[in-house]
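Here are my notes for you as you look through this model. Take the points one at a time and keep the 3D view open beside you.

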Amino acid sequence: MSAVEPLRMAQTVCLKDYRPPEFRIETAELYFDLHETGTTVRSRLFIERDARTPPSHPLVLNGEGLELVSVALDGRTLTPGEYRVDEEGLTVPGVPARFALEIENRVHPADNTALEGLYVSGGNFCTQCEAEGFRRITYFLDRPDVMARYTTTLVADRARCPVLLSNGNPAAHGELADGRHWVRWEDPFPKPSYLFALVGGDLAWIEDEFTTRSGRKVRLRLYVQRHNLDKCAHAMECLKRAMRWDEEAYGREYDLDLFMIVAVDDFNMGAMENKGLNIFNSACVLASPETATDDDFQAILGVVGHEYFHNWSGNRVTCRDWFQLSLKEGFTVFRDQEFSAEMASRGVERIRDVNALRNAQFREDAGPMAHPVRPESYQEISNFYTATVYLKGAEVVRMLRNLLGAEGFRRGADLYFERHDGRAVTTDDFVCAMEDAAGADLAQFRLWYSQAGSPELHVERRYDPGAGTCTLTVRQDCPPTPGQPEKAPFHIPLAVGLLTRDGRELPLCLAGEAHPVAGTRVLELRREVETFVFTGITEEPVVSLLRGFSAPVKVHMERDDEELAFLMAHDTDPFSRWDAGQELAVKVLLRLMEAQRSGADLVADPVLVEAFRRSLLDAEADRAFLARLLTLPSEDYVAESLDRIDPAAVHEAHRFLRRALAKALHEPLLETYRSLGESGPYRIDPESVGRRSLRNLCLGYLMQGDDPQAVPLCLDQFHSGTNMTDVLAALSALARSERPEREPALEEFYERWKDDPLVVDKWFAIQASAPLPDALERVRTLTRHPAFNPRNPNKVRALLGAFCQGNPARFHARDGAGYAFLGDWILELDPINPQVAARLVRVLSRWRRYEPRLGELMRAQLERVLAAPDLSRDTYEIASKSLV
Ligand code: 0A1
Ligand code: ZN
C-alpha cells in the first residue's frame with residue numbers, strides 16, 4: 001500500500017444523509033463545579049422523542065473524551081448494563097416518549113490544549129463549543145437543529161474565580177463553604193449547544209450602556225485581564241456602533257438585558273458569537289494607539305461587528321446542519337463588510353475585501369480542497385471554516401443585493417428573520433425568502449451554493465462607429481473542481497460602465513430600451529454566451545468591467561497597457577480603477593519574468609512608472625485609496641497567473657520592480673512622505689488613517705531604493721513614532737533591509753514590548769516574513785525563543801504562519817528546507833492542537849501548482865505527515881485529500 005491511500009477509513013458525513021433529530025432537548029439545566037484538574041459537570045435534560053421516531057429507537061448522545069460518573073432516568077440511577085458508552089458517546093435504549101435524563105461526568109480543562117470544549121487560558125476557564133466542542137463538555141445532542149433553553153449554575157473558588165459568566169441574564173448567586181461561591185444564569189432564548197459558553201476567572205471589566213431604539217436599556221461589559229483595561233475603549237465603541245447600525249440597516253434590536261465580551265489569549269479563531277457572551281481572541285479586542293496598528297483597529301471594528309451581528313444572523317436564526325454554515329457566516333461577513341464600509345471609505349474597504357477573497361478563496365477554489373459554498377461532505381467540520389464558506393459566501397449574498405436592489409434585498413432579509421426566528425434552517429430557506437419578498441426567480445442563482453470553482457468571463461467588445469453601437473460579448477466557463485468536472489452556467493450580475501476618452505461616463509442604453517441610464521449598469525448573465533449591444537455611442541468608449549467587483553469571478557479582456565493606465569487614472573469606480581492598476585502591474589511583472597528567463601535586460605515599463613507617478617501626484621484623491629492603488633499585487637497573487645509557480649522568479653521580478661519604482665519616483669515619494677508628517681495627537685478617523693498609510697507606503701518604497709537619506713528617515717520614525725502604525729512600518733522596512741541598523745532596532749523593539757504578547761506577535765511576524773536569505777534559520781531560532789509557545793495559536797500564526805504563508809521566496813527555498821521545517825512542526829503541533837496543525841497543512845496542499853521539483857518536495861512532506869500514527873481527523877482529512 002502506498003502512503004497516498006487512506007491509512008484508515010475516515011468517516012465522511014454527507015449532506016444527502018441529513019435526517020431530522022430523533023429526540024429533542026427542551027431544557028438543559030447545567031451545573032459546573034470548576035476545578036482546573038477535574039471539573040464536575042451535572043446536567044439535567046428534559047427530552048422528548050420526535051413523533052416520527054419508532055419507540056424502539058435508543059437515545060444516542062454525543063460525547064468525546066468524557067469521564068462518565070452516573071446516568072439517571074426519571075430519577076432512577078441506571079446500572080452500567082442499562083446504557084452503553086463508547087468513544088463517540090452514550091447510548092440509552094428503552095427510553096420513554098418524554099423523560100428527564102440526569103448525567104454526571106468529569107472533564108480536565110487544564111489538559112485541554114486543543115482549545116475545544118472547556119479549557120484554561122491565562123489562568124481563566126473558558127469554552128469554545130462551535131462546531132462540536134459541547135460534546136467535550138458533557139453528553140448531548142450536539143447538533144445545531146436541537147435547540148434548548150439553558151440554565152447554568154457555576155461553582156468555583158471565589159478568590160480564584162470572582163467572575164462567573166454564562167449565556168443569558170444573571171438569575172441568582174450565593175456563597176458556599178470553603179471559600180467557594182456560585183452564580184446561576186438563565187438564557188430565555190432556545191439555542192443550539194454550539195452557542196453555549198461559560199467563563200470563570202479573575203477578570204476586570206469596563207462597562208457601558210446602550211439604549212435600543214425601542215427604549216430598552218442594555219448593559220454592555222467587556223472583560224479582560226486587569227493589565228489590559230486600558231486597551232478596551234475602542235472595542236466598546238465599535239460594539240455600540242454595531243448595535244446602532246444593525247437597527248438602522250436591518251431593523252434588528254438586541255434582545256437580552258446584558259451583552260458581554262470576554263478576551264482570552266488562547267483561541268483558535270478570531271472570536272465566537274455565543275449568545276450574550278461573545279468570547280474573543282484578545283488580538284481582536286485589545287487596542288491602544290501605542291500597541292495596535294490602524295489595521296488592528298480596523299480589524300477589531302469588523303470582528304466586533306461580525307460577532308454582534310450573529311445575534312440575529314446565526315443565533316436567533318441558526319443553521320439546520322453544518323453544511324449550512326454559510327447561511328450564518330456568508331450573510332454575517334456580508335453584514336460586517338457593509339458595516340465597516342459605512343464607518344470608513346467604501347471604496348477602500350471594498351478593495352481590502354476583494355484582495356482577501358482573491359488571495360485566499362480563489363486559491364482555495366483552484367486546489368484540492370475546493371468545495372461549494374454549501375459543501376456536500378466532510379470528515380472534520382472544523383476544516384470547513386474556510387474562505388469559501390465565509391468570503392465567497394458573503395459575495396453570494398452581495399450578488400443577491402446587486403440583483404434584487406437594496407430595497408428588494410432588505411424586504412427579503414426582513415422576511416427571512418420574521419419567518420425563521422427561533423428556527424434552524426438552510427441556505428435554501430434564505431434564498432426562498434429573498435425570492436418571495438422580491439418576486440424574483442433565483443432557481444439558476446442557487447448554483448452558486450452547489451457548484452465550486454471561480455467562474456471566468458471572457459469578454460470581447462466591438463465598436464461600430466457607423467451604427468453608433470458598442471457590443472459586449474461575454475462567455476463564461478468554470479474550471480473543474482474535485483467531484484465536479486462539468487459546471488452549468490451561473491447567474492452572474494456584471495456591473496459595467498463606458499467611459500469617454502476624456503474620462504466622462506457615457507449614459508448606457510441597451511438595444512430596444514427607450515431611455516439611457518447614467519453611469520454603472522448591472523448586466524445579468526445566464527447563458528454560456530451573452531451579447532449586449534449599447535446604442536447611441538458616438539465615440540469609441542473605454543470599457544470598465546466588474547465595477548465594485550459585482551461577482552466573485554475572474555475577467556479576461558484584451559487591453560493594452562495604455563488603456564489600463566487610462567482606467568487607473570480615470571475610472572469613476574474605485575474598485576475598477578484599482579483593479580486596472582493591478583492588472584497592469586501583473587502584466588509588467590510577467591514580462592519581467594520572461595526577460596529574466598531569456599537573459600534580456602530588465603526595464604521597468606515606462607507606462608507603469610508614469611501611471612504611478614501621476615497617481616502619487618494626484619492631490620484630489622483619497623490618500624487611503626492612493627496607498628492601495630500604489631501597492632503592487634502580492635507575489636502570491638502574481639504567481640496565480642503562472643502555469644507552474646516559481647516563487648523565486650516571482651520574487652526577483654517583484655523586487656526589481658519595487659526598486660525601479662523607488663528610484664524613478666524618488667522625488668515625489670520623498671516629497672509626499674515629508675508633506676504627510678504627523679501633526680497633533682493620534683486619531684483613527686479615515687482621514688488620519690489614510691495619511692499614515694500613504695506616508696508609510698512612501699517610506700517602504702524609499703527604503704527599497706538606494707537612497708542614503710531613507711535610512712535616517714526610517715530610524716527617526718522608528719524612534720520618535722508615537723503610535724504602533726508608524727513604529728511598525730519603520731521596523732518592518734528595516735527588518736526587510738540588510739542594513740546594520742536592523743538588528744539593534746529589532747532588539748530595542750523587543751526590549752520595549754516584551755511584556756505585551758500581542759506586540760511580541762508582531763515582532764515574530766515581521767522577522768518571519770522578511771524575505772532575507774537567513775529567514776529560515778532565524779525562524780528556527782525564534783521557535784526556541786522564551787516568548788514562543790506552540791500551545792498558543794497566535795504565536796504559531798505569528799511565527800510559523802507568517803513564514804510559510806507570508807514569505808514565499810524563502811519558504812519555497814529550492815532545497816526543500818522550508819517544507820521539511822513545516823513538516824516537522826505539523827507533526828509536533830498535531831497532538832497539541834489539531835485545528836492549528838491542519839491549517840498549516842493547507843500550505844502544502846497546493847503542491848501541484850508549483851514547479852515540478854518544488855511540488856515533489858512538498859508532496860513528500862504531505863506523505864510523511866500522512867504516514868504518522870494517530871494523526872488527528874483534522875490533519876488527516878487535509879493531507880489525504882491533497883494527495884488524491
Ligand atoms: N463562528 C465564529 C467562528 C468560530 C468557529 C470555530 C471556532 O472554534 C473552533 C471558533 C470560532 C465566527 O464566525 O466568528
Ligand atoms: Zn461568524
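1. A term to begin with: a residue is called buried when its relative accessible area is under 20%, exposed when over 50%, and partly exposed in between, using a 1.4 Å probe and protein chains only. Keep in mind that this is a predicted model, in which local features need pLDDT of at least 70, side-chain atom pairs count only at pLDDT 80 or more, and totals for chains, interfaces and linings use all residues. Residues are numbered from 1 along each chain as its sequence is written, chains are lettered from A and ligands numbered from 1 in the order in which they are written, and side-chain values use heavy atoms, with hydrogens and water left out.

2. Ser576 sits in helix H9 (residues 574-598); helices here are DSSP runs of H or I with at least four residues, strands are E runs of at least two, and both are numbered from the N terminus. A polar atom of the Ser576 side chain is 3.2 Å from the backbone oxygen of Leu545.

3. Now compare Arg644, found in the loop between helix H12 (635-639) and helix H13 (647-664). Arg644 counts as partly exposed because its relative accessibility is 42%. Its side chain reaches two backbone oxygens: that of Tyr850 at 2.6 Å and that of Arg848 at 3.5 Å.

4. Finally, look at helix H18 (residues 742-753). Buried residues in H18 are Arg742, Ala745, Leu746, Phe749, Tyr750 and Trp753. Seen down the axis, they fall within an arc of 130 degrees, so they line one face of the helix; the arc is taken from the directions from the helix axis to the C-beta atoms. The face turned away from that buried side carries the exposed residues Glu747 and Arg752.

Terms used. Polar contact = N/O pair within 3.5 Å; in protein donor to acceptor, adjacent residues only side chain to side chain.
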